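This briefing is for reading beside the sequence and the 3D view.

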Amino acid sequence: MMNQQAENNGPIVAAMLAAGIGCLVLGLMTCLAEASKAIGGILNFYDPVGPLSGKTIVAVVAWLVAWAIFGAKWKEQPADFGKIFKVTLVLVALGLLGTFPVFFQAM
Amino acid sequence: MILTPREIWAVIHGMMLGALFLLAYAGGLAELINLGSKWSTEAGIASRVRRLITGTWIMAVVAWLTVITGTYIVYPWYRAKAPAGAELTMYPRNFLLSKPTTAGWHHFGMEWKEHVAWLAPILATAVAIMVTKYGAKLAKDDEVRKAVIVLFTIAFCAAAVAGLFGAFINKAAPIL
């Protein structure tokens with residue numbers, strides 16, 4: 001672990017954690033759009049696609065913003081890879097849960 | 001033997017881009033697993049890493065093209081509302097919802113597919129960046145290589161769910 005932390009693993013940790021956040025935001029937007037017609041309407045960025053346009057655009061923007069923030073934070077400094085990988089897996093799992101119809105349709 | 005413009009886009013989205021992503025996964029996974037082999041030489045690792053970098057970036061770009069064509073070109077034809085008295089076979093969503101025996105294809109299949117598919121390009125891009133930034137160090141660092149394999153596999157599973165339901169739904173209610 002010490003050896004890995006001595007390496008500059010910041011850029012890969014930033015990319016990994018940002019992807020987890022993108023997945024979480026997609027799951028969250030899916031649940032919110034299902035739970036509230038008002039939010040679904042706000043997320044309707046492009047009529048032919050409906051709320052799916054807003055859910056995916058918000059998730060992609062959140063992913064890119066998170067990537068820029070974490071990329072700057074860990075540009076020169078190493079991070080605890082194992083810990084952040086576990087956090088990423090939790091975020092991805094929540095994203096998968098939020099995009100599962102049986103779950104979000106129960107909202 | 002003639003495809004309509006809509007069918008051509010459905011083929012580009014599902015059978016060309018989507019299928020390419022799913023098929024490329026096996027090759028990428030084999031390269032990642034073999035990268036950790038104790039019998040690999042320096043030259044072998046360098047060659048394998050070059051292939052992995054190229055392959056994972058192609059997969060990431062293909063995954064983005066798949067979800068963008070699917071969401072912004074094919075999906076609007078799927079979800080278009082049928083005017084009163086219209087032939088429902090031209091409106092797949094309405095067609096599926098018109099019968100209790102097919103409604104589940106929309107309520108479960110399409111609802112899952114249209115959302116979960118977007119996890120694939122986000123995760124595939126993260127994998128491509130990790131492979132590019134870590135390069136040959138992946139061969140010696142089991143922890144990072146295993147993490148890359150896990151994220152790569154989740155991206156594949158998300159794309160596989162989307163692809164599988166896409167094929168089933170297109171069978172039940174094709175985009176014409």
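What follows describes two chains, their contact and some local features.

This is a predicted model, in which local features need pLDDT of at least 70, side-chain atom pairs count only at pLDDT 80 or more, and totals for chains, interfaces and linings use all residues. Residues are numbered from 1 along each chain as its sequence is written, chains are lettered from A and ligands numbered from 1 in the order in which they are written, and side-chain values use heavy atoms, with hydrogens and water left out.

**Chain A**

- Chain A has 6 helices and 0 strands, where helices (H or I, at least four residues) and strands (E, at least two) are DSSP runs numbered from the N terminus.
- The C-alpha atoms of chain A fill a box of roughly 50 × 25 × 15 Å along the principal axes.
- Of the 107 residues in chain A, 47% are buried; buried means under 20% relative accessible area, exposed over 50%, and partly exposed in between (1.4 Å probe, protein chains only).
- The accessible surface of chain A is about 5,100 Å², and 70% of it belongs to carbon and sulfur atoms; such areas come from the Shrake-Rupley method with a 1.4 Å probe, and for residues only the protein chains shown count as cover.
- In chain A, 77% of the contacts between residues at least 6 apart in sequence join residues at least 24 apart, a contact being heavy atoms within 4.5 Å.

**Chain B**

- Chain B contains 6 helices and 0 strands, and its pattern along the sequence is α-α-α-α-α-α.
- The C-alpha trace of chain B spans about 70 × 30 × 20 Å along its principal axes.
- Buried residues are 45% of the 176 residues of chain B.
- Chain B exposes about 8,500 Å², with carbon and sulfur atoms supplying 70% of it.

**Contact between the chains**

- Chain A gives 41 residues to the contact and chain B gives 31 residues.
- Together the two chains bury about 3,100 Å², 78% of it on carbon and sulfur atoms; buried area is the accessible area (1.4 Å probe) that two parts lose on being put together, summed over both.
- On the chain B side, B:Tyr72, B:His115 and B:Ile122 lose the most area to chain A, together 19% of what that side buries.

**Nonpolar core**

- The largest nonpolar core has 81 residues, of which A:Trp74, A:Phe81, B:Phe21, B:Leu123 and B:Val148 touch the most other members; such a core is a set of buried Ala, Val, Leu, Ile, Met, Phe, Trp, Tyr and Cys residues joined through side-chain atoms within 4.5 Å.
- Helix 6 of chain B (residues 142–172) gives the most to this core, with 14 residues.
- Leaving out residues up to four places away in sequence, B:Val148 touches B:Leu32, B:Val127, B:Met130, B:Val131 and B:Leu138.

**Helix 4 of chain B**

- Helix 4 of chain B (residues 100–116) has a kink of about 30° centred on B:Gly109; the bend at a residue is the angle between axes fitted to the seven residues ending there and the seven starting there.
- The buried residues of this helix include B:Thr102, B:His106, B:Gly109 and B:His115.

**B:Ala173**

- B:Ala173 lies in the segment after helix 6 of chain B.
- B:Ala173 counts as buried because its relative accessibility is 4%.
- Leaving out residues up to four places away in sequence, B:Ala173 touches B:Pro92, B:Phe95 and B:Leu96.
- The C-alpha atoms of B:Ala173 and B:Asn94 are 9.5 Å apart, although the two residues are 79 residues apart along the chain.
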